[in-house]
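User: I am new to this structure and would like to learn how to read its features. Please show it to me, and let us take the features in turn.

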Amino acid sequence: MELHPITQAIRIQTERSGQKEHSTPLFLTSSFTFDNAEDMRAAFADETDDNIYSRFSNPNVTEFIDKIVALEGAEAGYATATGMAAVFASFMAVLKQGDHLLSCNAVFGSTHNIIKKWLPRYGIEASYVSANNPAEWEAAIRPNTKMIYLETPTNPGLELIDLEFAAALAKKHNLILNVDNCFATPLNQRPIDFGAHLVVHSATKWIDGQGRVLGGVIVGDKQLIHDIYLFCRNTGPALAPFNAWVLSKSLETLDVRMERHAKNALHIASALESHPKISWLKYPYLPSHPQHEIALKQMKNGGGILCFELKGGLESGRTFLNSLKLMTVTANLGDSRSIASHPASTTHGKLTDEERLEVNITPGLIRISVGLEYADDVLNDILQALESC
Ligand SMILES: *Cc1c(COP(=O)(O)O)cnc(C)c1O
């Protein structure tokens, strides 16, 4: 029977213990045994897919990977300890000295550091193109360009990149398209359907959805994933079985959670859009979003993140955070609890104004990760905080 990915995310069960348990047990073991030397030889010779050692594979990790593979419509996958390990492995296993990586400029902070600080040390060139100016992308492709990397929606500015356009460009120039799909989740957007070859996730965010564990995953083309698997098998960023167990369980509720996050976010975004203390507000599923057409084309809903600019700038941003009564001020997103952040005074506080503007962080920018609380409670918290700004 052909099952819908949403059903697969609930029903895939990779391994049982023999106790007829309904839920997947936790396989907290570093290694796996063999009945004889021949069986062990065959496993090491890749003649079987038996588990050998939990750095290579583990039933809880495999279950989590199989679910993401189903949700993203991918061929294969590998799970990592964090989202950053997934991003790093997707670069290091595929790119080599002399290659060039073309990336959109609005990327997650640590990804920016990998691209600017670490890749050049290994002889891998990298350059940025503007997320909201696709016209400049083709001219930025070099003879040695091997991969296009992008996030959509971008963090924290919620710019959208047309996946169909990026995939067509990658195809024309025979490049690998690698997409960080963390903000949208596979329930909202499936880059592989548009032609992406690799999709990376920080599972720490919406996939866990309750701010409890770190994790990452890379899915995509079978051959590329095999290269990534071999890189990770040797270098060791494996996902721990317990975290995989939590994340696999979380996937049983991802669809209903994401629908509610998006419904709450749309409600809050609509109510705030014309607030007198706000100069602009961005949410992909509001018609006022400059790239709303792209959102309708590639996203099933607007997601759980919205952002707005306070007219009062940097000082107002600080006041806003200090005035919140319900929402949490913390460096995470994608949680059942709503979270507010003011990048200019916190995560990006060390940068100069010019450096911040380069990554589209304006002085009064507030990012809200909308949780699963009663939506009007979150809205009222924002409204009362805005009164002080
Ligand atoms: C958080 C995040 C990451 C990094 O994930 P970790 O699990 O924190 O290592 C990468 N990309 C995006 C878009 C993120 O939000």
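User: How far from an oxygen atom of the ligand does a polar side-chain atom of Ser-202 lie?

Analyst: First, a word on the source: this is a predicted model, in which local features need pLDDT of at least 70 and side-chain atom pairs count only at pLDDT 80 or more, whereas totals for chains, interfaces and linings use all residues. Residues are numbered from 1 along each chain as its sequence is written, and side-chain values use heavy atoms, with hydrogens and water left out. A polar contact is a pair of N or O atoms within 3.5 Å. Here, a polar side-chain atom of Ser-202 lies 2.8 Å from a ligand oxygen. For Lys-205, a polar side-chain atom is 2.7 Å from an oxygen atom of the ligand. Met-84 takes part through a backbone N or O atom, 2.9 Å from a ligand oxygen. The protein covers 92% of the 380 Å² of accessible area that the ligand has on its own (Shrake-Rupley method, 1.4 Å probe).

User: Which residues surround the ligand?

Analyst: A residue is near a molecule if one of its heavy atoms lies within 4 Å of it. The residues around the ligand include Thr-82, Phe-108, Glu-151, Asp-180 and Gly-215. By class, this shell has four nonpolar, five polar and three charged residues; Gly counts as polar and Cys as nonpolar.

User: What kind of peptide bond joins Thr-152 and Pro-153, and what is phi of Leu-158?

Analyst: Most residues other than glycine have a negative phi, and most peptide bonds are trans. The bond between Thr-152 and Pro-153 is cis, with omega about -5°. Asn-155 and Pro-156 are also joined by a cis peptide bond, with omega about -5°. Leu-158 has a positive phi of about 55°; this residue is in the loop between S4 and H6 and is buried, at 1% relative accessible area.

Terms used: Polar contact = N/O pair within 3.5 Å; in protein donor to acceptor, adjacent residues only side chain to side chain. Helix = DSSP H or I, 4+ residues; strand = E, 2+ residues; numbered from the N terminus. Buried < 20%, exposed > 50% of the residue type's maximum accessible area, 1.4 Å probe, protein only.
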